[in-house]
Amino acid sequence: MASQTRNDPSRGRWGKVEPKNTPMSRGASALGLAGSLAQLPQNGVELSEAIEKGDVTGVVDKGASLTSNAFNIAKGGLETAASFETFYSLRNAAQNRLQDKVQSKGGQVAGKEAADIAGKAAQASLDSLNEGIQHQSNNAAKRAAVDAAKKLPVRSELKIATKEAFKAASLLARNGATSAVAKASARFVPGLNVGIAVADGVAAAAALKNIKEKPIKAIAASVTALGSLAAATNIPIVSQVGGVVSAASSLLGSIFGEDD
C-alpha cells in the first residue's frame with residue numbers, strides 16, 4: 001500500500017492521499033475497474049430479485065450496493081484515465097523533443113527506440129512527482145532529469161537527445177501535466193468518495209437489521225462503511241487505511257457472507 005501511494009502536503013491543511021503513477025498502479029487500477037464492471041450486472045440482478053420478492057430490506061441493501069459499485073466505477077474510471085493520460089502526455093513530449101533533437105543533427109532514431117526512451121523519461125518524471133520533488137526549482141528539476149538520463153544506456157549519438165527528452169518530460173510534469181481527464185478526476189473523485197461512503201452506510205444499516213440471521217454479512221458491511229467513511233476524509237494515513245479496510249471487508253463479505 002505505502003509503495004503505491006503518496007501524501008501531498010501542499011493540498012490543504014491535511015494534505016491529500018493520492019495513488020502513485022507507476023506501471024504497477026496503472027495496471028492495478030485497470031484490473032480493479034474491470035472487476036467492478038464485471039460485478040455490476042450481478043448487482044442489478046440481485047436488486048431485481050429483491051424487488052420481486054417484496055423484500056424491503058433487501059431492496060435497500062442491494063440498491064445501496066449497486067450505487068456504491070457504480071460510484072466506484074466512476075471514480076476508478078476517472079483515476080485510471082487520468083493516470084494513463086498523464087503518462088502519455090509526458091511520453092509524447094519527451095518523444096517529440098528526442099526526435100526533433102536527433103533530426104536537427106541530421107540523425108535518425110527508430111520509432112520503437114524513441115518510444116522506449118520517451119517512456120522511461122516519462123516514468124522518471126512521474127517518479128519525481130511521486131516523491132514530491134515537483135516543488136523543486138526549474139534548475140533543480142533539470143539537473144534531476146539529466147542525472148536520470150545519464151543512467152539510461154543509449155547509443156552515444158543519442159545521449160544529448162536523450163537528456164533533452166528527459167528535460168522536456170520533467171518540465172511538463174513540474175508545470176502540471178493535467179489533461180481535461182486529469183482535471184475532472186481531481187474535481188470529482190473527492191465527491192465520489194463521499195457518495196461511496198453514503199451508499200456503503202445505507203447498505204450497512206440494512207444488513208444490521210438482519211444481523212441475527214446473517215452476522216458475517218452485517219459485520220463486513222459495517223466495517224466496509226467505516227472504511228469508506230475514513231477514505232472519504234482524504235486525511236493522510238486515515239484515508240489510506242480506510243480504503244484498504246473497506247476493500248478488505250467488502251471482499252470478506254462477498255466470500256464468507258451468508259447466501260441470500
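What percentage of the 260 residues in the chain is buried? Buried residues make up 40% of the chain. The model is predicted. Eight helices and two strands form the chain. From the N terminus, the elements run β-β-α-α-α-α-α-α-α-α.

**Overall picture**

- The accessible surface of the chain comes to about 14,000 Å². Carbon and sulfur atoms hold 60% of that surface.
- Among contacts with a separation of 6 or more, 71% join residues 24 or more positions apart.

**Helix α1**

- Helix α1 covers residues 23-53, which is 31 residues. Its first and last C-alpha atoms lie 46 Å apart, close to the 45 Å expected at 1.5 Å a residue.
- The helix bends by about 25° at leucine 40. A proline, proline 41, follows within four residues.
- The buried residues of α1 are Ser25, Arg26, Leu33, Ser36, Asn43, Leu47 and Ala50.
- Serine 36 sits in α1. Its relative accessibility is 17%, so serine 36 counts as buried, the cut-off being under 20%.
- Serine 36 touches Asn69 and Ile73, leaving aside residues up to four places away in sequence.

**Helix α2**

- Helix α2 runs over residues 56-104 and has 49 residues. At 1.5 Å a residue it should span 72 Å, and its end C-alpha atoms are 71 Å apart, so the two values agree.
- Aspartate 55 caps the N-terminal end of α2. One of its side-chain oxygens lies 3.3 Å from the backbone nitrogen of threonine 57.
- Glycine 76 has its place in α2. Its relative accessible area is 15%, so glycine 76 is buried.
- Glycine 76 and glycine 32 are 44 residues apart in sequence. In space, their C-alpha atoms are 7.7 Å apart.
- Glycine 106 follows α2, and its phi is positive, near 75°.

**Nonpolar cores**

- The largest nonpolar core has 17 residues. Ala94, Leu98, Val102, Ile117, Leu158 and Phe166 touch the most other members.
- Four helices each supply at least two residues of this core: α2, α3 (111-130), α4 (138-150) and α5 (159-174).
- Isoleucine 117 touches Leu98, Leu152, Val154, Leu158, Thr162 and Phe166. This list does not count residues up to four places away in sequence.
- A second, separate core has six residues. Among them are Phe87, Ala122, Leu126 and Ala173.

**Helix α5 and threonine 162**

- Helix α5 has 16 residues. From first C-alpha to last it reaches 23 Å, close to the 22 Å expected at 1.5 Å a residue.
- Ala161, Thr162, Glu164, Ala165, Phe166, Ala169, Ser170 and Ala173 are buried in α5.
- Threonine 162 is found in α5. Its relative accessible area is 1%, so threonine 162 is buried.
- Threonine 162 touches Leu98, Ile117, Ala149, Leu152 and Val154, again not counting residues up to four places away in sequence.

**Glutamate 157 in the α4–α5 loop**

- Glutamate 157 lies in the loop between α4 and α5. Is glutamate 157 buried or exposed? At 53% relative accessibility, glutamate 157 counts as exposed, because the cut-off for exposed is over 50%.
- The side chain of glutamate 157 makes a polar contact of 2.5 Å with the side chain of arginine 155.
- Another polar contact, of 3.1 Å, joins the side chains of glutamate 157 and serine 156.
- Glutamate 157 and valine 109 are 48 residues apart in sequence. Their C-alpha atoms are 9.8 Å apart in space.

Conventions:
Residues are numbered from 1 along each chain as its sequence is written. This is a predicted model: local features need pLDDT of at least 70, side-chain atom pairs count only at pLDDT 80 or more; totals for chains, interfaces and linings use all residues. Side-chain values use heavy atoms; hydrogens and water are left out. The expected span of a helix is 1.5 Å times one less than its number of residues. The bend at a residue is the angle between axes fitted to the seven residues ending there and the seven starting there. Buried means under 20% relative accessible area, exposed over 50%, partly exposed in between (1.4 Å probe, protein chains only). A polar contact is a pair of N or O atoms within 3.5 Å; within protein, one must be able to donate a hydrogen and the other to accept it, and residues adjacent in sequence count only if both atoms are side-chain atoms. Contact means heavy atoms within 4.5 Å. Accessible areas come from the Shrake-Rupley method with a 1.4 Å probe; for residues, only the protein chains shown count as cover. A nonpolar core is a set of buried Ala, Val, Leu, Ile, Met, Phe, Trp, Tyr and Cys residues joined through side-chain atoms within 4.5 Å.
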